[in-house]
Amino acid sequence: MQHWHACSSTFARRNKRLPDSAPGAVHPGELIRDSVPGTVLPGQCFRDSSPGDFTRNFMQEREQGMTSADKKDTGTTAHAEAGQPVAMTAAELASSRHIPVLRDQVVDFARPLAAQRSPMRILDATLGLGGHSQALLEACPGAQLLGLDRDEEALALARGRLACLGFAVETRHCRFSQCAAALDSAGWESVDFALIDIGVSSLQLDEGERGFSLHADGPLDMRMDQGSGQTAADLVNTLPCEKLREIIASLGEDPMAQRIARAICEERAKGPITTTLRLADIVWHAYPKAWRAKSRHHPATRTFQALRMVVNNELGELEAFLESILARMSSGGRLCVITFHSLEDRLVKRTMRRWASGCLCPPHAPVCRCNHQPEVEILTRKPLVADAAELARNPRASSAKLRACEKCAAAHTPLTMAERT
Ligand SMILES: C[S@@+](CC[C@H](N)C(=O)[O-])C[C@H]1O[C@@H](n2cnc3c(N)ncnc32)[C@H](O)[C@@H]1O
């Protein structure tokens, strides 16, 4: 794919050249990896995005759909030599694949802080393709940003996108449950604004190879971090039938969970279920015909969602993130959480209410003994949701819910590094 390189160098060459400029960066915990590279310098734009077939497919698709007018150099895309694919910048590539949900609402919560903090420190705990990060950096001049993601392919694209636009960001390849260690490794005691936008990116959903898609065949994988953990195939081929039913019923909220689990167990007795389309087909046939006819979505949608949530321990990750982030928020700092599942939203709602509560004693206690002081003020009485215009642009925003809170000035401020050690 060398012919796609039009500026800078390949990821690999550049990775070797760029040092991690985070002062005193340490990487506690084996999963925290300074993303390769951990710091991208502004203006380091590239036109090759080596990670994965996604990029190659995309470039080929784009090439096939191109007219000669498209092939004019726009200043951001490279000249097309005869017979060669036209390259695009990382910024174009990443932004064309994922539309950030509730982006303007997130930015509205962040913007007021930019004037008060210098520099403002932003943690994007789910960097994804960098859409929210780009909007935040554009709205908050001079802000520093640390981006986390467990998906290396997404991280690489986001880094390229932000570098291309002239933003210096630090990134870490880790789970957001490890945010405290990631902040330590970046030398950040506190954060002024934190965003977590849970779920899968369109990059992950659309790529058959990643195993999340119901419509494109691929290995039944579903791991956001392809370097570790059990795959969805491991689960469907080994879990007891009752456990499968429970997962599909509780996380997928699928009324047909019993039939689906039974069908999976019958089919796997004939041979392991290893591909997405085979699983989708099994679930399709497990559904009664009349239900299939009235279902708005593919009958396997909920089963896929449930398996994905288990494979990536999504609820456990969210709980661990919420437990550790508050202590690292600066006084007056803000946290935005975007969820796509009712169980996740409930967890966020209850956690923020507990933080905002003045007393945590049992309701029947005659006097308060906990002396708990409100730690946050809730900024969203009800969760914000996408409006009709956003839904028309991005139907995937339909289940998104945004909740935000602000850390109270009186709540304890984060300990310094020295105090914590
Ligand atoms: C919905 S996308 C984020 C999109 C991003 N806000 C944007 O505008 O491009 C969610 C991202 O979170 C990542 N993710 C999900 N769970 C994670 C976890 N526990 N730790 C770190 N990253 C996670 C996924 O890999 C994915 O890239």
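Keep in mind that the model is predicted. The helices are H15 and H16, which pack at an angle of about 15°. The strand is S8, where seven of the seven residues are buried.

**The helix pair**

- H15 covers residues 314-325 and H16 covers residues 342-356, and their axes are 10 Å apart.
- Angles under 35 degrees count as roughly parallel, so that's the label H15 and H16 get.
- As for handedness, the crossing of H15 past H16 is right-handed.
- On the H15 side, the contact is made by Leu315, Leu318, Glu319 and Leu322, which meet Leu343, Glu344, Leu347 and Thr351 of H16.
- Sort that contact by class and you get five nonpolar, two charged and one polar residue.

**Strand S8 and its burial**

- S8 spans residues 401-407, and it is largely enclosed by the rest of the structure because seven of its seven residues are buried.
- Side chains in a regular strand alternate between the two faces of the sheet.
- In S8, Lys401, Arg403, Cys405 and Lys407 point one way, while Leu402, Ala404 and Glu406 point the other way.
- Both sets are buried, charged residues such as Arg403 and Glu406 included.

**Who pairs with S8**

- S6 (residues 329-339) runs antiparallel to S8, and six bridges join the two.
- One of the residue pairs to look for here is Cys336 with its bridge partner in S8, Ala404.
- S7 (residues 376-378) also runs antiparallel to S8, joined to it by three bridges.
- For Ile378, the bridge partner in S8 is Cys405.

Definitions and conventions
Residues are numbered from 1 along each chain as its sequence is written. This is a predicted model: local features need pLDDT of at least 70, side-chain atom pairs count only at pLDDT 80 or more; totals for chains, interfaces and linings use all residues. Axes are lines fitted to C-alpha atoms, for helices over the stretch in contact, and angles run from 0 to 180 degrees between N-to-C directions. Helices (H or I, at least four residues) and strands (E, at least two) are DSSP runs, numbered from the N terminus. Angles under 35 degrees count as roughly parallel, over 145 as roughly antiparallel, 65 to 115 as roughly perpendicular and the rest as oblique. A crossing is left-handed if the near helix is turned anticlockwise from the far one by less than a right angle, and right-handed if clockwise. Two residues are in contact if their C-beta atoms, placed from the backbone, lie within 7 Å. A residue is buried if 20 or more other C-beta atoms lie within 10 Å of its own, exposed if 12 or fewer, and partly exposed in between; C-beta atoms are placed from the backbone. Two strands pair if DSSP finds at least two bridges between them.
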